[in-house]
Amino acid sequence: MNTHPYIRAYLAGVFFPTLGLPVMLAGFLVLRFVFQVQFPIERGLVFPLALVPSVWGLWNMLWLALRASRPIPAGLHGAILPLLLLPAGACIATSLGLLALGSHGVTWFQSCYVPYALIAPCFLAAIAGYYLVWKYVVGFLNRTLGIA
Amino acid sequence: MKPNDLSQNEEQINQNEEEFQALLRKSLPSIGNAAEPARDLWPAMLRRLDEKPASVPWFDWALLAGLLGVAAFVPASIPVLLYYL
């Protein structure tokens, strides 16, 4: 009997980012329409709302496919994902005008200035966050859905 | 419908049912002598119920603290991190 493990892996992968979508969308809408932030934030929604959940699902499918030949813990597998997502997200953000590169730092959403010196800690924080979420949330879902 | 047709239908249904039963018996092999497991599974079940959940290693706490530290000291990183989630 085909138990469709890859569909379950995809669903386990998309679960966490999809769960956060309504919260993020609410935050963006509050900023835009309640606090009247002039910056067109909705331009930036395409990456977190459309791409990130799908990439998480596909990444979990890849983890399942690799498990037979090269088993690695889900946390470590998830920690690799920011290495792909961060440059991709930065490229999309730059092309959409969400990210401006300056001489001493970058400006996100025309308001969040991050000096270059702090980009490395932020990058490490993203990797740590991904590691923890993949280890505890996606790993739990994989076990619950019977694919780990 | 005539009474004769009704009885013919009934006969057909009974025949189909018998055929279906025979097919089911054929497709489900007899469990024979393996009706019970070789060993008692209940003690293992009790052990599993008594198991404590694995504790979170210190390394993961340190990572969480680092993540919260970055968010606290560089608040501008919060929307950026959310953007990637």
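## Chain A overall

Of the 148 residues of chain A, 30% count as buried (20 or more other C-beta atoms within 10 Å of a residue's own, with C-beta atoms placed from the backbone). This is a predicted model, in which local features need pLDDT of at least 70, side-chain atom pairs count only at pLDDT 80 or more, and totals for chains, interfaces and linings use all residues. Residues are numbered from 1 along each chain as its sequence is written, while chains are lettered from A and ligands numbered from 1 in the order in which they are written.

The secondary structure of chain A consists of four helices and three strands, in the order α-α-α-β-β-β-α from the N terminus. Helices (H or I, at least four residues) and strands (E, at least two) are DSSP runs, numbered from the N terminus. The C-alpha trace of chain A spans about 55 × 35 × 25 Å along its principal axes. Among contacts in chain A between residues at least 6 apart in sequence, 73% join residues at least 24 apart; a contact requires C-beta atoms, placed from the backbone, within 7 Å.

## Helix H2 of chain A

Helix H2 covers residues 46-67 of chain A. Its 22 residues should span 32 Å at 1.5 Å a residue, and because the end C-alpha atoms are 31 Å apart, the two values agree. The expected span is 1.5 Å times one less than the number of residues. H2(A) bends by about 30° at A:Val52, with a proline, A:Pro53, following within four residues; the bend is the angle between axes fitted to the seven residues ending at a residue and the seven starting there.

The buried residues of H2(A) include A:Val52, A:Pro53, A:Trp56, A:Trp59 and A:Trp63. Their cover includes H1 (5-34), H3 (74-95) and H4 (116-144) of chain A, together with H4 (77-83) of chain B.

The axes of H2(A) and H3(A) come within 11 Å and cross at roughly 145°. Axes are lines fitted to C-alpha atoms, for helices over the stretch in contact, and angles run from 0 to 180 degrees between N-to-C directions. In this contact, A:Phe47, A:Val55, A:Trp59 and A:Trp63 of H2(A) meet A:Ala74, A:His77, A:Leu81, A:Leu85, A:Gly89 and A:Ile92 of H3(A). These residues divide into eight nonpolar, two polar and no charged (Ala, Val, Leu, Ile, Met, Phe, Trp, Tyr, Cys and Pro count as nonpolar, Asp, Glu, Lys and Arg as charged, and the others, Gly among them, as polar).

## Contact with chain B

The contact takes 25 residues from chain A and 16 residues from chain B. H4(A) gives the most to the side of chain A that touches chain B, with nine residues. That side has 21 nonpolar, four polar and no charged residues.

Note on methods
Buried ≥ 20, exposed ≤ 12 C-beta atoms within 10 Å, placed from the backbone. Contact = placed C-beta atoms within 7 Å.
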